[in-house]
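Let's take a friendly walk through a protein model.

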Amino acid sequence: MTELGLQFADLLPALSYLGQDEVALLRRAYQVAEQAHEGQMRLSGEPYLSHPLAVTKLLAEMRLDTDALAAALLHDVVEDTAVTSDDIRAEFGSTVEKLVEGVTKLGRIKLHSQAQIQAENIRKMLIAMAEDLRVVLIKLADRLHNMRTIAPLSEERQRRIAQETMDIYAPLAHRLGMWQMKAELEDLSFSVLDHENYERVRQEMLSQRRQRETALDQARRRLGEELGLAGIRAEVVGRPKNITSVFRKMQQGGRTIGEIYDLVALRVICDDIRGCYGALGVVHSLWKPIPGRFKDYIAMPKGNGYQSLHTTVVGEGAEPVEIQIRTWDMHRTAEEGIAAHWHYKEGTQANHRLDQGFGWLRSLLEWQKELLDAESFVEHVKLDVFQDEVFVFTPKGDVLSLPSGSTAIDFAYRIHTDVGHRCLGAKANSRMVPLDYRLQNGDIVEVLTTKSERHGPSRDWLNFAKTSSAREKIRQWFKRERREENVTRGKELLDRELRRMRGSQLSAIPPTRLQELGREFRIPDLTDFFAAIGYGEIAARTVVLRWAAGEEAAVGQSASAPSIPLVSRPTPSGGVRVSGLGDLLTNIARCCKPVPGEPIRGYVTRGRGVTVHRDECVNIRHAGDPRRIVEVEWDADSRQVYPVRLRIEGRDRTGLLRDVATAIAESKVNLSGAAVEVEGDHTAVISTVVEVSSLTELSRLLERLEGVRDVQQVMREVG
């Protein structure tokens, strides 16, 4: 057979569910991909074609349809070869062309930064996914194979890709209910980002499993026997936990590996739902259930379609054991998530658009219209879509899922934008609750509204709305309805922040400089810039920090405001550390005489340790033996600090100074002096000197001090 036949033959066993005509179409797609990628190699040295083949195989194992598999074979040709979207549409139809376009990275668009480029690519993929879920299935398989073969990349690229996988792709797989995909993506990313802890947890899990396997095997056999006696047909198997989730449990609860009891749990898979509840009764008759550890996700499924009964019991040897009970259909959905809905059925066509179980995807299309900035869009997705959920009921009995920590106002805006805008109050379980009430699982929530069209949200809602979608809708209302008020408020906020942080004022900044700042935030019109600050789209603190960074870089800074860097700067002590070789004798090269702070490299000499040269020194660049060049760096353990005088005003009370000092200490800032005066109206004025390393640290401190009870105003004193 030809090489082509052998390569495509590797795919054939996974395509056994397809008809001959469909396999022939995929063979054609393979030949187009092979020709397009001819001569292209991966960094590992493999032919590039091995990648689309591996992606297609992953999707075939999920039993996806022919269009999705053809798109997987062709998913990189538009991006990396001369083949165009028109070529694909002409050969394979518009559906395959749209799928390929959905997973193709953006090209020929000028963007300012790598972060912007990544955000735009992610937004493009998510919007395409909302139109056709197969787009994200192809992209997830693509990312999984890339993570499995990440080793040849540079360390910096590995970390960047792994972080993006952990932030976007693993949570996306989880949200789509694809447990196996999510677990592997997390573990592969964790191994790159924190290999030491990954290996430590992996080894500890292996040892703990061995200790518990005997007791678990006894429990598995005993439960199987009892289910048989009860006439319940079921399979009882072990369920391993992935390394990343175990590490998170250890971190969140401050627990050791020995205190995590579901490293290996039991899973009971029944023929029907009646069998599931019958099996639960058998489990609880055998072992004592632990209170508070029972969850019924069959009656109330998770937002990603997951269904199962969860219970934890005190099993053999007094060891807690987690048991999950589900049907075979539920099991398939739990393992493969949304992909389970694409199992091939002859003579039918799957519905690839939104369904009721994935209504959260509709919010992606709403945010796409409201948020023009891709980075903001991706942050919204991270906050609203990829967080833990809380499940609540409407008065009609419909179930809504919101991010954990959501409030009654988030619920109102999830129902409808107008419901949120006209909200007057809320009830949870027939009791009146404040709008900042944090929703609990199982709450029945009712929103009380006004019929008045003139009613609108309060600015205070921005402080306790949890979901970014609710906050964005509140901001949009203020942006539309209160423009003049927003402009005035924006000026006041900016002036206040300048006085507070820099001892300056808005009138001291030339309008041309303010317009430059507006352009940096992509708002060229100065009035629009003030309005954006006023309705909360841009934080006044962020503007002041950006302005301060420009002032620091400019020549001839104002003497009235001593320069403090935007971020802390280590002060090189003059000592030198040699990377990877421990303590060695070092001496400064006489030829170039580097000074602390300059880029440097070292050269190992005979009998005199390491000689330190400036990085661009001619002698180090033409060294006789390049193997003797070592990486060195200035010892920068010390941190330069800047004294700043603060004026803190508040209502006089016992303990105010103590609370202020505690807030400063908790910010890890040194307090070098403080004096208190009480004025006639019972206003306490605390004058204090703190030592900060950067404007960012000062800004965080001022924000924390403003949160102290009875503090009314905090500002920096200059001069």
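## A residue in a strand

Val690 sits in strand β20, which spans residues 683–692; strands here are DSSP runs of E with at least two residues, helices are runs of H or I with at least four, and both are numbered from the N terminus. This is a predicted model, where local features need pLDDT of at least 70, side-chain atom pairs count only at pLDDT 80 or more, and totals for chains, interfaces and linings use all residues. Residues are numbered from 1 along each chain as its sequence is written, and side-chain values use heavy atoms, leaving out hydrogens and water.

Is Val690 buried or exposed? Val690 counts as buried because its relative accessibility is 0% (buried means under 20% relative accessible area, exposed over 50%, partly exposed in between, with a 1.4 Å probe and protein chains only). Leaving aside neighbours within four places in sequence, Val690 is in contact with several residues, among them Tyr642, Ile664 and Leu701 (contact means heavy atoms within 4.5 Å). Leu646 is 44 residues from Val690 in sequence, yet their C-alpha atoms are 7.6 Å apart.

## One side of a helix

In helix α23 (residues 511–520), the buried residues are Arg513, Leu514, Leu517 and Gly518. They cover an arc of only 145° around the axis, so they lie on the same side of α23; the arc is that of the directions from the helix axis to the C-beta atoms.

Just after α23, Arg522 has a positive phi of about 65°.
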